[in-house]
Amino acid sequence: MKILFAGPTLPDAQALIGTDIVLRPPAVQGDILRATQDGATVIGLVDGHFEQVAPVWHKEILFALSQGVGVYGAASMGALRAAECAAFGMIGIGRIYRQYVAGELDDDADVALLHGPAELGYLPLTLPLVNVVATLEDLRARQQIDAASAAQLRMAAAEIFYKHRCWPTIVARAKLPEGTDHKRIEALLAGGAINQKRLDALELLDTICSAPDRRGAPPEGWAFNSTSLWKRLLNQLVASS
């Protein structure tokens, strides 16, 4: 069984995966463990909750890997955890993952955004920094914005709390040349927006679709160690089942 944890990054995931993959909502602590115990052979982690609930725990990812489950991450929480667990066999996919590994990104909040509930299709209300960066780099490459302005816009975006980040706020905060037409810049940014998180999530989806639907051999070079905190999580999972 292949399981995908996705939400705001890929709101149309159900229509894209058909019946070959089980879709579950953004993961929280215990969900990767639960998926492993449910018989998952492949787990794709894209989205996860983190602010009001405990986020996906690295330990449960290690447990899944120790059981031969293929664990893939991209785009959002998945990119973060893949960068942190790559040495143990978790497979990271996409540009955002590579940026975290390379140290070009180092803040968890760089992939965060404010969005509506699942019932409203996870309607995005703010912009994740990774999408802002991808948009600016694309516009710069196509010479639709100059290097100095792109740098100022990126700096302004990075300074804005993720729950407040949007194109008008970014443009208003950036130290652009005197006389700059802010409305024109806003329109340029919005019209040329690159949704890098979605692009990376689609790449992950293609990867897990083609991955073998079976568990592999246990990893070599390390062994999973059960701790008291881990046993507590197991007990909580059993109690909630």
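Trainee: Why are E84 and R81 separated by about one helical turn?
Mentor: E84 and R81 are 3 residues apart in helix α4, and therefore about one helical turn lies between them; helices here are DSSP runs of H or I with at least four residues, strands are E runs of at least two, and both are numbered from the N terminus. In general, an α-helix has 3.6 residues a turn, so residues three or four places apart point the same way. Before we go on, note that this is a predicted model, in which local features need pLDDT of at least 70 and side-chain atom pairs count only at pLDDT 80 or more, whereas totals for chains, interfaces and linings use all residues. Residues are numbered from 1 along each chain as its sequence is written, and side-chain values use heavy atoms, with hydrogens and water left out.

Trainee: What makes the pair E84 and R81 a salt bridge?
Mentor: A salt bridge requires a side-chain nitrogen of Lys or Arg within 4 Å of a carboxyl oxygen of Asp or Glu, and the closest N and O atoms of E84 and R81 are 2.9 Å apart, so the pair meets the rule. By this rule the count comes to 9 salt bridges.

Trainee: Why is R81 called buried, and why is E84 called partly exposed?
Mentor: Buried means under 20% relative accessible area, exposed means over 50%, and partly exposed is what lies in between, with a 1.4 Å probe and protein chains only. R81 has 6% relative accessibility and therefore counts as buried, while E84, at 37%, counts as partly exposed.

Trainee: What makes a group of residues a nonpolar core, and which residues have the most contacts inside the largest one?
Mentor: A nonpolar core is a set of buried Ala, Val, Leu, Ile, Met, Phe, Trp, Tyr and Cys residues joined through side-chain atoms within 4.5 Å. The largest has 28 residues, and those with the most contacts inside it are F5, I61 and M90. Among the elements that give two or more residues to this core are β1 (2-5), α3 (58-66) and α5 (95-102), while the largest share, 5 residues, comes from α4. A second, separate core of 20 residues includes V132, W167, A174 and L188.

Trainee: Why is L65 called buried, and what is it in contact with?
Mentor: L65 has a relative accessible area of 7% and is therefore buried; this residue lies in helix α3. Contact means heavy atoms within 4.5 Å, and, leaving aside neighbours within four places in sequence, the contacts of L65 include V71, F88, M90 and W222. L65 and F88 are 23 residues apart in sequence and 7.7 Å apart in space, C-alpha to C-alpha.

Trainee: How do you know that the buried residues of α9 line one face of the helix?
Mentor: In α9 (residues 182-191), I185, E186, L188 and L189 are buried. Seen down the axis of α9, its buried residues fall within an arc of 165°, so they line one face of the helix; the arc is that of the directions from the helix axis to the C-beta atoms. On the other side of α9, K183, A187 and G191 are exposed. What covers the buried residues of α9 includes α6, α7 (147-159) and α8 (167-173).

Trainee: Why does T135 count as buried?
Mentor: T135, in helix α6, has 0% relative accessibility and therefore counts as buried.
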